[in-house]
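Please look over the sequence and the model shown here before turning to the notes that accompany them.

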Amino acid sequence: MTLALELARRINALAFEGLPSDVVHWARIGILDTVGVTLAGSSEPATQIVRRTLARGSGSSVLFGSSRRARPLDAALVNGTASHALDFDDCNNTLGGHPSVPILPAIFALADETGCSGKDFIAAYVAGFETECKLAMGDGMYQYTRGWHPTTTLGIFGTAAACASLLKLTDEQTATALAIAASFAAGIKANFGSMTKPLHIGHCARDGLSAALLAREGFTANLAALEGRQGFFEVFNGAGNYDAGKILPAWGAPFDIVEPGIATKQHPCCGSTHPPIDALLMLAREHDLRAESVRRIKAWIHPSCLQHTDRPGPPKNGSDARFSLQYCLARALVARKLTLEHFEGDACREPAVLKLMERVEVAPYTAAQFSLDNYFGAEVVVTRDDGRELAAKVEEPVGCTSRNPLPANVLNDKFVGCAGRALPHDDVVRLQEVLHRFEEIPDVRELTALLAGPADERL
């Protein structure tokens, strides 16, 4: 039996009633956080360009933060782009990317078209999450270090699996959806820091949904497209650079949404910058550091994380700034925090921040500092004007795993701040209440009706 068929059997065997309570808990958190950041990203230029250019006609599926509805495939594209436009969405250490945004925009769009219960929606989300993460175990972070964007090269399988689950496809149809998705996999890290990175997610959401819809109608694909000769792993990883034998035994043991879990961001920038930001803010609080009294900031992070975050020059724009470790550290020290506003307008050109950026040095850490299997450690050394050095290390940033989650009040404040960018406060409160009891909803359209923003004349 092929890998796609074996995965299909596991996807279709997964039902809400069999999910442990901690799986449901973390699914609820992932949905809450993703809805918030998608609403916040709905007005971003990248999202608006995609709406104007690629979303045509009307349909049943809500465009987050808008009075307009679109066809499911178009809604998945637009909302997928919005979900990642601010790079504020969750991560997962197994995937080496963002697990929720390839999945949730697609199944929200599908749920608006077909209707489904909150329980079925959660089961589909968990099935997609588990599929992409267990395939990532076979990958072993090779694609990430090679320059692929695993959020989409692997996330496409999570999208297809979740959509297949919601559509109640047969095992063979679900396997076909996964095989079709293998030909849709795409995304390169060279486009990090530009609008094309969130577009990766939009295309992934749309194409994963397309794969499931095509499979439902009898479209064909090679069911050995994952592990076969010239299949997904052979092409993306190459012989010797993957281990497909790790995938199936790890299914649900434990569920990846619980362990290592969802890494919920507290800073609205690339997750690779979070460990040194946490270390620097720790030093700033403990020693009352001020930018004007700092001679130098030296930061070490994992070599593969530095490849896309070592950007010493003045940021070109907010998108570029989110991937500049130098900017993020300088901004964090100047402001004692990082907010969405720090990546908007002319914020990235503030003279005090640009001046401090010149004193920030970054380097890859060595095995003497951290295990090279730890992608989320960081060390920061600050040299003050008087020559004294202050040092801090973190093994992982706050929110990086289920063992070290964001405090509930921080998570809820983040949601209110993000959703409040698109919706009136009273609507945000109502939406938050429904999200906290998501599994009780008889029809997810009860929730999506709350995602529509006020009437706008932009399109």
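## Basis of the model

This is a predicted model, in which local features need pLDDT of at least 70 and side-chain atom pairs count only at pLDDT 80 or more, whereas totals for chains, interfaces and linings use all residues. Residues are numbered from 1 along each chain as its sequence is written, and side-chain values use heavy atoms, with hydrogens and water left out.

## Aromatic pairs and a cluster

The structure holds 12 aromatic pairs, where rings of Phe, Tyr and Trp (its six-membered ring) pair if their centres lie within 6.5 Å, and where planes under 30 degrees apart count as stacked, over 60 as edge-to-face and the rest as tilted. One of these is the tilted pair of W148 and F236, with 4.6 Å from centre to centre and 50 degrees between the planes. W148 lies in the loop between helix 7 (142-146) and helix 8 (150-153), and F236 lies in helix 12 (residues 232-236), so the pair ties together parts that are 88 residues apart in sequence. Helices (H or I, at least four residues) and strands (E, at least two) are DSSP runs, numbered from the N terminus.

One aromatic cluster is formed by W148, F157, F232, F233, F236 and Y242.

## Charges over rings

K189 lies over the face of Y144, at 3.6 Å from the ring centre, and the charged end of K414 sits over the ring of F88, 4.1 Å from the centre of that ring. A charge sits over a ring if NZ of Lys or CZ of Arg is within 6 Å of the ring centre and within 35 degrees of the ring normal.

## Helix 9

Helix 9 (residues 155-167) has 13 residues that, at 1.5 Å a residue, should span 18 Å, and its end C-alpha atoms are 18 Å apart, which agrees; the expected span is 1.5 Å times one less than the number of residues. The helix is mostly covered, as 13 of its 13 residues are buried. It is followed by K168, whose phi is positive, near 60 degrees.

Strand 3 (residues 294-301) pairs with strand 5 in the antiparallel sense over seven bridges, and the bridge partner of V294 in strand 5 is R384; two strands pair if DSSP finds at least two bridges between them.

Strand 5 also pairs with strand 6 in the antiparallel sense, over six bridges. In strand 6, A391 is the bridge partner of V381, and E389 stands opposite T383. Strand 6 has a covered face, made of L390, A392 and V394, and an uncovered one, made of E389, A391 and K393. Strand 5 and strand 6 form a hairpin with four residues between them, and G387 in the turn has a positive phi of about 90 degrees.

## Two loop residues

R388 lies in the loop between strand 5 (378-384) and strand 6 (389-394), and is partly exposed, with a relative accessible area of 49%. A polar contact of 2.8 Å joins the side chains of R388 and D386, a polar contact being a pair of N or O atoms within 3.5 Å, of which, within protein, one must be able to donate a hydrogen and the other to accept it, and residues adjacent in sequence count only if both atoms are side-chain atoms. Leaving aside neighbours within four places in sequence, R388 is in contact (heavy atoms within 4.5 Å) with V382 and T383.

F323 is found in the loop between helix 16 (318-321) and helix 17 (325-335), and is buried, with a relative accessible area of 4%. Not counting residues up to four places away in sequence, F323 touches D87, F192, G193, K197, C270, H308, T309 and R311. The C-alpha atoms of F323 and H308, 15 residues apart along the chain, are separated by 6.8 Å.

Conventions: Buried < 20%, exposed > 50% of the residue type's maximum accessible area, 1.4 Å probe, protein only.
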